[in-house]
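Q: Could we go through the aromatic contacts in this structure? I would like to begin with charges that sit over rings.
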Amino acid sequence: MLRVLLVGPDDSTTSLLADRLRGAAGEGEGEAGALDVRIAIGGGGVRLEGVDVAVYRPRFAGRRLAIPDPKDVDAFLAACTLGGPRRVVLISASTATPPRHDHTGYSDEAHAARVGKTRLAAAWLGFEERARSRLGAGRGVELVILRPTTLLAHDSPDYLARLLRAPFAFTVAGFEPTVQWLAPEDFAAAVRAAVLDSREGVYQVVPRGAVPVKSALGLARVPWIAVPFAWHRLARALLAPLGLADSIEQAESLRHVATVSGERLRRDLGFAPSRTSVRAILDLRDRRRHTSKVSVSKAAAGEPWFDDFGMSESYVRAYGRTLFRFLHRVFWRIEVKGLENVPREGAAILIGVHRGFMPWDGVMTLHTIYQAMRRVPRFLIHPTLIKFPFLANYMTKLGGVVACQENADRLLRNGDLLGFYPEGIRGAFTMYKEAYRIGKFGRDEFVRTALRNQVPIVPFLTVGSAEIYPILGKIEWSWWKHYSEWPFLPITPTFPWLPFPLPSKWHTEFLAPIPIDRRYPKEAADDPAIVRAISAEIRTLMQERLLAMKAKRKSIFWGSIFTDEG
């Protein structure tokens, strides 16, 4: 029989872990699954002689700061080195990956060590490093580290978990990041899987799905009010020294995303949580209300109303009936050609030319496609678009996803339409005199992505969007460039003094799909010569058609360029 010592704080999660571990026998593992489980409260004075596996959850350094207590950690690790267990399961936290505006989402276990560290992230990574320096295979101890996401136990000290148990909550105005909410039962099952396995390494424990913070508060029936982030800073500066407020670093999780991937745990240990984030929130709500009644909601019934990146189709529909409809039909009077070239199902890559530095051309493309075929194209966006309040909330709910290879592949595997602007942020800030000249296509990543995923490429072009904010001059202001991550401060007839776009008339055309998935194998993505040739071919095609469209335009503010074409 496997002898397990469970070391942790005196709370409901420790009790649940003990019950789950003791219940392992009789669930298909035979004798190997029979566990003799003992509990020790805290790492001090622990005796580990005769223990096969030790599971350690650290005490926290403070009531409102969810980081490991160094004294408790050192006491446990010292006990392990005195002839302790052959295997240690260390419970860390996904807080090791801090929330950031440029976080790409669904990062792997190694990502935390590659990004800038907050005090909270550094504390958890330091905890893991101390364990690795004292334990591990080189010292005869198998070490596995689990990083659970936000754990929704009724007494969890996690900041976001406490937010869902509060009588009232303050959120950050203009932001609504998606969060992964983990049910305690799934966390306990993940620990059990780690105890019974023999592999070492770091594994993130991640539920299916993610829920935006305000939507989670709504599911938990916690009233909330959104206030500017500056108010959060002020309140914490005044109250934190008295122990009455959480640190500003914890409040960052109300502003930016820190979602992580659980793929490694599924692949190596064969474990995946059975409950979604939505289900975990509803279970917490029911436990708080002392009811066993099954909650009924759109989410519980399986109707998707936001996705893993925070996109809300109902949000897209609502704007499509109001603001987008007005802008498309009245303000910019957009005429469209070639919509039949956009696939009505299946994955494909849309590539366009982004002008006017504000993302209105992408938004209008999204609206056009959604109205025609009820598909939401997912545009890869620069992190600066989710750095600022309100714009962050807006872009996320419309389906914007921070640009990176992993996100592009993930969306295409899901069968989505993926939008690229291959010139990058420099294309959006093209001076007006060069607005209809297509610049370099960066690293040609859109071609590699199409080849790697074997999907067609559909180019699309817009004449008229460059005139909404024609960039006539620029200010090289180092502070602004650092703060905004823009290449410069643009000067237009209205921006930055009156940030309203001009009512130019737009003309958008979707060109015929380029079936490179049928012309080249997947392996061609690794051939730079093929990638460059495809990119040059597409860029030439787009440039010729863009100039032809512009040549047919008689006026910036009215007229058609498609009516005389076949």
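A: A charge counts as sitting over a ring if NZ of Lys or CZ of Arg is within 6 Å of the ring centre and within 35 degrees of the ring normal. Please note that this is a predicted model.

Q: Which residue lies over the face of Tyr-106?
A: Arg-410 does, at 4.0 Å from the ring centre.

Q: Turning to ring pairs, how many aromatic pairs does a search of the whole structure find?
A: The search finds 31 aromatic pairs.

Q: What about the pair Phe-324 and Tyr-394: how are the planes arranged?
A: The ring centres of Phe-324 and Tyr-394 are 6.4 Å apart and the planes stand at 75°, so the pair is edge-to-face. Phe-324 belongs to helix α12 (residues 323–331) and Tyr-394 to helix α14 (residues 391–397), so the pair ties together parts 70 residues apart in sequence.

Q: Are Phe-324 and Tyr-394 buried or exposed?
A: Both Phe-324 and Tyr-394 are buried.

Q: And why is the pair Trp-332 and Trp-506 classed as it is?
A: The planes of Trp-332 and Trp-506 are at 20° and the ring centres 4.5 Å apart, so this pair is stacked. Trp-332 is in the loop between α12 and β13 (335–337), and Trp-506 is in the loop between β20 (489–491) and β21 (507–510), 174 residues apart. Trp-332 and Trp-506 are both buried.

Q: Which residues form one aromatic cluster?
A: The cluster includes Phe-357, Phe-388, Phe-429, Tyr-469, Trp-477 and Trp-479. Trp-480, Tyr-483, Trp-486 and Phe-488 also belong to the cluster.

Key
Residues numbered from 1 in each chain as written. Predicted model: local features only at pLDDT ≥ 70, side-chain atom pairs only at ≥ 80, totals over all residues. Heavy atoms only, no water. Phe/Tyr/Trp six-rings, centres within 6.5 Å; stacked < 30°, edge-to-face > 60°. Helix = DSSP H or I, 4+ residues; strand = E, 2+ residues; numbered from the N terminus. Buried < 20%, exposed > 50% of the residue type's maximum accessible area, 1.4 Å probe, protein only.
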